Amino acid sequence: MLADGLMRARPAMSPIVRLIAQRIALGILLLFLASILIFAGTQILPGDVAQSILGQQATPEALATLRAELGLNDPAYFRYFRWLGGVLTGDLGTSLTTRQEVTATLLPRLWNTLFLTFWAAILAVPLAIILGLVSVRYRNRWVDKLISGLALTSTSLPEFFIGYLLVYLCAVKLQWFPSISTIYDGMPFLDKIKAIALPATALTVVVLAHMMRMTRAAILNVMQSAYIETAELKGLRPIEIIRCHAFPNAIAPIINVVMLNLAYLIVGVVVVEVIFVYPGMGQYLVDHVSKRDVPVVQAVGLIFAAVYIGLNIVADIAAIVANPRLRHPK
């Protein structure tokens with residue numbers, strides 16, 4: 001009887017809290033699985049770490065000594081848990097090529113990548129929503145067809161082509177912006193903005209089309225609802241119907257697609273950063289993959305995975321909060 005009374009007195013967890021807890025737990029599990037894949041991927045990279053550090057002229061004795069110092073002779077599972085334990089305590093390891101702490105050299109690069117993606121998002125998100133609203137307002141007219149055609153064209157072009165096209169037009173021909181996007185500590189803010197103008201534009205073009213098309217599709221789906229027809233019968237103008245009735249009810253899928261594209265912005269900057277020689281995480285990763293610097297590659301890969309999974313969790317939570325049907329699935 002006492003146990004039954006305690007069970008009745010205990011407050012039940014609300015559906016939204018339960019769903020959020022499930023998403024966070026799933027995200028932690030996915031990050032753990034991603035860490036296993038990242039570690040396994042670095043272990044199967046071609047070449048020998050000790051050989052790449054000491055060079056081709058190294059003696060077998062020197063190679064054996066270095067392998068023992070780096071723990072390369074230990075079993076793979078032991079090295080994985082040692083690396084994971086260091087990550088959990090904030091130790092990402094030591095670079096094999098520079099002998100510096102990975103955290104110290106990685107944080108400035110991470111800040112540069114976040115700076116670039118922040119300004120790309122500032123451009124892409126409002127522009128995508130505005131173009132989506134305009135496309136819905138003038139549905140099946142020449143404005144809608146023009147926006148949809150440009151979006152389809154930009155979706156068909158890969159990042160490297162867009163980047164090189166911007167370099168050719170805006171840096172070589174018109175000489176508006178530098179072709180190499182170099183930024184450094186103490187650089188004036190306006191000079192930084194000018195330096196990242198081309199890579200930020202390339203990233204904007206890459207994600208703009210997808211966000212715009214999904215915004216248009218979400219609003220058009222809401223426009224088929226009965227209350228939209230009621231608003232039309234009341235004599236409301238089309239722009240008022242879209243702004244006051246359709247857009248607020250389509251905000252959940254729009255938030256979802258925006259978060260997913262923000263995740264792609266951070267993870268997908270590798271190609272753009274290499275094209276513009278931008279000192280961010282992507283360029284940092286490519287440089288150390290060529291040197292087979294395993295601790296750096298593992299740290300960058302894990303950060304990319306954490307950011308992507310984290311933003312997906314935020315997208316799920318935002319969709320749950322914005323949609324009553326997800327908050328109360330029954």
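In the predicted model, the largest nonpolar core comprises 51 residues, of which I183, L203, M211, I219, M223, I254 and F276 touch the most other members. Two or more residues are contributed to this core by each of helix 6, helix 7 (142-156), helix 8 (159-173), helix 10, helix 11 (226-233), helix 12 (238-249), helix 13 (251-267) and helix 14 (269-275). Helix 10 supplies the largest share, 14 residues. A second, separate core consists of twelve residues, among them V297, A299, I303 and F304.

Contacts beyond four places in sequence were examined for two residues. L203 is in contact with L116, A120, L265, G268, V269 and V272. T215, located in helix 10 (residues 197-222), touches A128, I129, G132 and I254; I254 is also one of the residues that touch the most other members of the largest core. The relative accessible area of T215 is 1%, and since values under 20% count as buried, T215 is assigned to the buried class.

Helix 6 (residues 102-137) also packs against helix 15 (residues 281-290), their axes coming within 8 Å and crossing at roughly 135°. The two helices are therefore oblique to each other. On the helix 6 side, the contact is formed by V102, T105, L106, R109, L110 and T113, which meet M281, G282, Q283 and Y284 of helix 15. Classified by residue type, this contact contains five nonpolar, four polar and one charged residues.

Key. Residues numbered from 1 in each chain as written. Predicted model: local features only at pLDDT ≥ 70, side-chain atom pairs only at ≥ 80, totals over all residues. Heavy atoms only, no water. Helix = DSSP H or I, 4+ residues; strand = E, 2+ residues; numbered from the N terminus. Buried < 20%, exposed > 50% of the residue type's maximum accessible area, 1.4 Å probe, protein only. Contact = heavy atoms within 4.5 Å. Axes fitted to C-alpha atoms, helices over the stretch in contact; angles between N-to-C directions. Parallel < 35°, antiparallel > 145°, perpendicular 65-115°, else oblique. Nonpolar A, V, L, I, M, F, W, Y, C, P; charged D, E, K, R; others polar. Core = buried A, V, L, I, M, F, W, Y, C linked by side-chain atoms within 4.5 Å.
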